[in-house]
Amino acid sequence: MEDDIATHGCVMFLPEKPSSPTLQILAFETAKNMSRLIALYKSLTDEEFSKLRNGTVRSAGVVFLNSTNESYLLGLACKEKLEDLNQIASVVSRLSKRCVNEELTRFETAYQIMKQGVIDISNLDFNSKNAVKIIEKMEKYARATSLLYTSLTGLNELELSEKRMQRSNNENINDKISFQRKQVRHFKHVSLWNKKFDKIVALMARIICTVYARICVLFGVYAPGLLATVTTTTTKRRSIRRLCVSHTKAFHMKPKVYPEADYGGRYVKEDDKMKKISKSGPILIASKMKRGATRFISSELSPESEGLGFGFLLPGVTMTNKASTNVNQRLIQSTPANTVGASGLAFRYANIIINAETYFHSTTIITDDARTHMFEMLPINLKQTLRGKLRCQCHKDERESQGLAEWWKEALAEIIGRLAPVARDTLRWQLERNLEQQKLDARPTVLLFQTLHFSNLEKTEAAIVEMLVGLSYIYRYENRREKNDVGT
């Protein structure tokens, strides 16, 4: 009994573990990145990937202006998703420095190790019950934090209104302020404001790793130099799924994607036999394994420390560093020289196309001011090309005017049908990225390869000129017909 009391007394005087601080003002930045992470996770389902591959990649505008190469376009989509994920991971890395749990504080190193391919992803199954629960929890936190932001904004406006009323005893506004403060207290309690760094970093870190593994599964065949490869190794105790980064020759099998929902069996050559393994990835790498150690060629940064990574690091692993291209280069800066994006005209051309579409479908006649405004938006080389084309059109026989006008309407409908969706996606992409600075729940829906940024410059400019020539002819015909109607 005395021993128990002595032991209990010793425990009482042990130093307490420090408590994890709460996010508070950092809740808003966290919510914004949490929303982006949720959107990224949901964009990687079989159904969404099928829409991307069979719909977006094959849309008329993308095929006409950007590329007919499916692998190239999906590679661009993969790189943009990785770029978004890396940006979210960098925010989580900063937050992890405030964690109490030592393993969480080393998230940045663990993430780099994961991208090296030295992890066990057996516990990172996409759409598992655990992952779905985490996503639902993060959605709840992000929604509550957005409501907190709205409540704080409303409270600030009410308090400013009270000051403008010069201390007048207005019970109505005082009641409103009192109610709004209660709302703020409530949302602070249920939102990220009151949540601890350790809890939130643990949730987001888990999903970041799951998303990276999923990107490798879906896009590995389209970006083999950018991503790790999913392989499976069976031991006596369990089956280990791992991400491997290697430059050895791969045994490729093209995956089937939803709605068939059958990825087919994957095979890897091992000891002159074809061994069926995991169904989790579209590409596998046949590499010779040595007992006790596995050597991976790094495609990115090679961290010096080992043994980090939330229990994902495989035992007995060594790594080799090898110089390679900087895969972290921003996608928007990597456009070829012959594209609209490289010329810096994507946003301007998108506005020209949208204006042309508006005028084409308008029931009223295009005014001279509108034509002048569109002409002034063109760069010098297109102005010269357009003038030359318009001179040729002026010499057409007036007797052919009606038939030619109908022909131009059909041709313009086809041209605008190709250009307008890409132009709208260009403006939407820009708008979504700007609004991310302001809104907590901003969720990008457009990828860069869907925009004019990767469109062939020569083909795009030729299409714009043809579109404006057609509009000009229709304008002259409609204007001439209106004058004739007035004269009669």
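Reader: Axes are lines fitted to C-alpha atoms, for helices over the stretch in contact, and angles run from 0 to 180 degrees between N-to-C directions. With that settled, at what angle do α8 and α10 pack?

Author: This is a predicted model, and in it α8 and α10 pack at about 130 degrees, with their axes 10 Å apart.

Reader: Parallel, antiparallel, perpendicular or oblique, then?

Author: Oblique, because an angle has to be over 145 degrees to count as roughly antiparallel, and the angle here is about 130 degrees. That is why α8 counts as oblique to α10.

Reader: Left-handed or right-handed crossing?

Author: α8 passes α10 in a left-handed crossing.

Reader: Which residues meet there?

Author: From α8 there are Asn130, Ala131, Ile134, Ile135, Lys137, Met138 and Tyr141. On the α10 side they meet Lys199, Ile200, Leu203, Met204, Arg206 and Ile207.

Reader: How do α5 and α10 sit relative to each other?

Author: Helix α5 covers residues 70–96 and helix α10 residues 197–219; they pack at about 165 degrees, with axes 10 Å apart. That angle makes α5 roughly antiparallel to α10. This crossing is left-handed.

Reader: What makes the contact?

Author: On α5, the list includes Leu74, Ala77, Leu82, Leu85, Ile88 and Val92, and also Cys78 and Lys81. On α10, the partners include Phe197, Val201, Met204, Ile208, Tyr212 and Phe219.

Reader: And what about α5 and α7?

Author: The angle there is about 150 degrees and the axes are 8 Å apart. α5 is therefore roughly antiparallel to α7. Leu85, Asn86, Ala89, Val92, Ser93 and Ser96 of α5 make the contact with Phe107, Glu108, Tyr111 and Lys115 of α7.

Reader: Switching to rings. How many aromatic pairs turn up?

Author: A search of the whole structure finds 6. One of them is Phe28 with Tyr149, an edge-to-face pair at 5.6 Å centre to centre, with 75 degrees between the planes.

Reader: Where do those two sit in the chain?

Author: Phe28 is in helix α2 (residues 27–42) and Tyr149 in helix α8 (residues 129–164). They are 121 residues apart, so the pair links distant parts of the chain.

Reader: Why do Phe107 and Tyr111 count as stacked?

Author: Planes under 30 degrees apart count as stacked, and the planes of Phe107 and Tyr111 are at 25 degrees, with ring centres 5.9 Å apart, so the pair is stacked. Both residues lie in helix α7 (residues 107–116), 4 residues apart, about one turn of the helix. Both Phe107 and Tyr111 are buried.

Reader: Which residues form an aromatic cluster?

Author: Phe28, Tyr149 and Trp193 form one.

Reader: Which charged side chains lie over the face of Phe64?

Author: Arg418 lies over the face of Phe64, at 4.6 Å from the ring centre. Lys459 also lies over the face of Phe64, at 5.5 Å from the ring centre.

Reader: What about Asn127?

Author: Asn127 has a positive phi too, of about 65 degrees, and is not a glycine either. The loop between β1 (119–120) and α8 holds Asn127, which is partly exposed at 45% relative accessibility.

Reader: How far is Asp368 from Tyr475?

Author: Their C-alpha atoms are separated by 9.5 Å, while the two residues are 107 apart along the chain. Asp368 is in helix α13 (residues 368–377) and counts as partly exposed, at 46% relative accessibility.

Reader: Last one, overall totals. How many helices and strands?

Author: There are 16 helices and 9 strands. Of the 488 residues, 47% count as buried. Among contacts between residues at least 6 apart in sequence, 78% join residues at least 24 apart.

Technical notes. Residues are numbered from 1 along each chain as its sequence is written. This is a predicted model: local features need pLDDT of at least 70, side-chain atom pairs count only at pLDDT 80 or more; totals for chains, interfaces and linings use all residues. Side-chain values use heavy atoms; hydrogens and water are left out. Rings of Phe, Tyr and Trp (its six-membered ring) pair if their centres lie within 6.5 Å; planes under 30 degrees apart count as stacked, over 60 as edge-to-face and the rest as tilted. Buried means under 20% relative accessible area, exposed over 50%, partly exposed in between (1.4 Å probe, protein chains only). A charge sits over a ring if NZ of Lys or CZ of Arg is within 6 Å of the ring centre and within 35 degrees of the ring normal. Angles under 35 degrees count as roughly parallel, over 145 as roughly antiparallel, 65 to 115 as roughly perpendicular and the rest as oblique. A crossing is left-handed if the near helix is turned anticlockwise from the far one by less than a right angle, and right-handed if clockwise. Contact means heavy atoms within 4.5 Å.
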